[in-house]
Amino acid sequence: MSNRPSKRNNNEMREISVETGINDYAEGSCLISFGGTKVHCTASVQYSVPRWMKAQGVKGGWVTAEYGMLPRATHDRIDREASKGKQSGRTVEIARLIGRSLRSVIDLKKLGHHTIWLDCDVIQADGGTRTASITGAYIALNLAIQKLIADGKLKENPLREYVAAISCGITENGAVLDIDYMEDSNAIADANYVITESGGLVEIQATAEETPITEAQFNEMMTLAKAGIADLITMQKQATGESL
């Protein structure tokens, strides 16, 4: 019997589910769930590019992201950041992470004169909201690209490969995959991995909470993360109906 609070094995993710096409207006959309964490992801296409791209003469399109948590996504109600007049540093950092992650796997020149906005709204949070957002945002982006191609707006697929994200941690039970809030709040160390299908490392965010972790422990987390990413990409392919 596992000693993890969720009773999962150390290399076992939470139950992952995806429902696509949940927004009739967005070019791509899905609701992705990592256990109790649920994120609504949409991809919206604008037929223009940012002013800075025009000013600098940059050719191609752009992909960017916004991230937010609904007021009752957590145990206690939180105020909407719009009511405070500014976004928190955490919100801005996660939005930029999502954007960087998706831009790493798309040829922006092939995207043409389009901007794709990825909006990730956390309906319920139980740890791993940024990793769920990246994984779900890719699905929404992929579906939006498919629509652009089907509508004759793009001649070829600008997506180079799949990308997904997963968390790992070092706990009293050793290295574990896909930590939820309870594990995260008591972890010796936690890390988020953004990895492409080919194994390319887009970003790793790792922090030791109490004592430094060893290289061996970091490598254990990396091994778990790679296996988890492979499973997530299989799920993404099923959700998008593709096999890049």
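User: Which strands does helix α3 lie across, and how do I read its angle to β9?

Analyst: Read the angle as one between N-to-C directions, from 0 to 180 degrees. Here, helix α3 (residues 89–103) lies across β6, β8 (189–196) and β9. The helix runs at about 150° to β9. Bear in mind that this is a predicted model.

User: Which strands does helix α6 lie across?

Analyst: Helix α6 covers residues 215–240. This helix lies across β6, β7, β8 and β9. Its angle to β6 is about 145°.

User: In what order do the strands of the open sheet come?

Analyst: Look for pairing first. Two strands pair if DSSP finds at least two bridges between them. In this model, four strands give the order β7-β6-β8-β9, with antiparallel pairing. β7 (174–177) and β9 (201–208) are the edge strands, each pairing on one side only. On average, neighbouring strands are turned by 15° against each other, direction ignored.

User: How many bridges join β6 to β7?

Analyst: Four bridges join them. Strand β6 spans residues 163–171 and runs antiparallel to β7. Threonine 171 stands opposite glycine 174 in β7.

User: Now the charges. How many salt bridges does a search of the whole structure find?

Analyst: The test is a side-chain nitrogen of Lys or Arg within 4 Å of a carboxyl oxygen of Asp or Glu. The search finds eleven. One of them joins the side chains of arginine 4 and glutamate 183, at 2.8 Å from N to O.

User: Why does that pair tie together parts apart in sequence?

Analyst: Check where each partner sits. Arginine 4 is in the segment before β1 (16–20), and glutamate 183 is in helix α5 (residues 181–186), so the pair ties together parts 179 residues apart in sequence. Arginine 4 and glutamate 183 are both buried.

User: Where do arginine 8 and aspartate 178 lie?

Analyst: Their side chains meet in a salt bridge at 3.9 Å, N to O. Arginine 8 lies in the segment before β1, and aspartate 178 in the loop between β7 and α5, so this pair links parts 170 residues apart in sequence. Both arginine 8 and aspartate 178 are buried.

User: Which residues do shared partners join into one network?

Analyst: Arg4, Arg8, Arg14, Asp178, Asp180 and Glu183.

Note on methods:
Residues numbered from 1 in each chain as written. Predicted model: local features only at pLDDT ≥ 70, side-chain atom pairs only at ≥ 80, totals over all residues. Heavy atoms only, no water. Helix = DSSP H or I, 4+ residues; strand = E, 2+ residues; numbered from the N terminus. Contact = heavy atoms within 4.5 Å. Buried < 20%, exposed > 50% of the residue type's maximum accessible area, 1.4 Å probe, protein only.
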